[in-house]
Amino acid sequence: MRVADYIVALTNLYGLVHKEKVLEIYNQQNEEKVSIETIEAYLETGIPWEFVYTHGNYFVHEAIYALDSFEEELALRRGKPYYVPEKKELLRYTDPLYFEKTKEYYTLLAYIKKNFFPDDPAEAEDFAREVVTISHIGFSASELSDLFDFYEIVFSDLDQANECLRLITNVANTTRLWENNGHTPREIVEKYERQHLRPLPTERPQAMGEGRRIGRNDPCPCGSGEKYKRCCGC
């Protein structure tokens with residue numbers, strides 16, 4: 001197995017990974033061992049055609065490299081253990097679009113298909129994938145509102161809105177995150193540090209009532225007296 005495959009897979013899984021961690025995981029999962037010099041050879045140029053660059057002794061994903069956010073990203077991971085999947089699962093991460101499809105993901109997908117896209121399963125899957133994608137950057141009320149707007153989702157009532165948000169929360173809390181060294185927020189809470197859970201916002205969703213969308217300049221339904229855009233819709 002090529003060392004480069006491990007570098008690409010671990011960078012996609014962690015966002016950034018130290019050369020010593022690459023060496024450790026590779027030698028744990030392969031009978032034919034390699035030396036640190038083999039890993040260091042890739043530090044000269046990185047693997048840019050696979051979106052992998054370098055920073056000192058680290059391999060860094062293009063998204064972090066392009067934003068010049070290495071130090072901030074490194075700080076988020078400090079002190080957190082690494083999630084290391086079995087070899088077969090790990091190497092699936094050589095595909096930059098791969099992510100682990102959990103039962104929470106499939107539950108959300110089934111709900112979205114049934115309630116919003118019964119005749120367009122591809123659109124439902126696009127929505128579910130987008131939920132996973134934005135889980136990596138942390139949800140906000142505005143991002144959720146934009147997501148519902150983009151897919152033209154209007155809830156029939158508050159119960160449906162709350163159920164959809166509950167399922168999205170479950171997906172977000174079981175998504176493997178760079179900042180958790182590949183662990184999900186739920187794993188960090190259950191196994192390591194309770195303060196690392198990042199629950200989704202509890203603000204009311206944009207679309208409520210019997211199929212009617214609340215305008216950004218309408219009075220907020222929470223009764224605050226403020227416009228929706230300056231209150232629960234911010």
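Is Glu 187 buried or exposed, and what is its relative accessible area? In this predicted model, Glu 187 has a relative accessible area of 16%. The cut-off for a buried residue is under 20%, so Glu 187 counts as buried. As for its place in the chain, Glu 187 belongs to helix H11, which runs over residues 185–192. Its side chain is joined to that of Arg 176 by a polar contact of 2.9 Å. Leaving aside residues up to four places away in sequence, Glu 187 touches Arg 176 and Tyr 192.

Now for the wider picture. The protein is built with 11 helices and 5 strands. Of its 234 residues, 47% are buried.

Among the strands, S3 (residues 58–61) makes a handy example. In a regular strand, side chains alternate between the two faces of the sheet. In S3, Tyr 58 and Val 60 point one way, while Phe 59 and His 61 point the other way. Whichever way they point, all four of these residues are buried.

Strand S3 also has partners. With strand S1 (residues 16–18), S3 pairs in the antiparallel sense over 3 bridges, and here His 18 stands opposite Tyr 58. With strand S2 (residues 52–55), S3 again pairs in the antiparallel sense, this time over 4 bridges, and Thr 54 stands opposite Phe 59. S2 and S3 form a hairpin with 2 residues between the strands, and in that hairpin Gly 56 takes a positive phi near 60°.

Next come the open spaces. Rolling a probe the size of a water molecule over the atoms shows where empty space is left. The largest pocket in this model has a volume of about 760 Å³. Helices H1 (3–14), H4 (62–67), H5 (70–77) and H8 (121–135) are the elements that each give two or more residues to its lining. That lining is made up of 29 residues, and those nearest the centre of the pocket are Asn 12, Val 132, Thr 133, His 136 and Trp 178.

Terms used. Residues are numbered from 1 along each chain as its sequence is written. This is a predicted model: local features need pLDDT of at least 70, side-chain atom pairs count only at pLDDT 80 or more; totals for chains, interfaces and linings use all residues. Side-chain values use heavy atoms; hydrogens and water are left out. Buried means under 20% relative accessible area, exposed over 50%, partly exposed in between (1.4 Å probe, protein chains only). Two strands pair if DSSP finds at least two bridges between them. A polar contact is a pair of N or O atoms within 3.5 Å; within protein, one must be able to donate a hydrogen and the other to accept it, and residues adjacent in sequence count only if both atoms are side-chain atoms. Contact means heavy atoms within 4.5 Å. On a 1 Å grid over the protein atoms alone, a cavity is a set of points where a 1.4 Å probe fits but cannot get out, and a pocket is an open set with protein on both sides within 12 Å along at least five of seven lines; lining residues have an atom within 4 Å of a point. Grid points are joined across faces, edges and corners, and a volume is the space filled by probe spheres set on the points.
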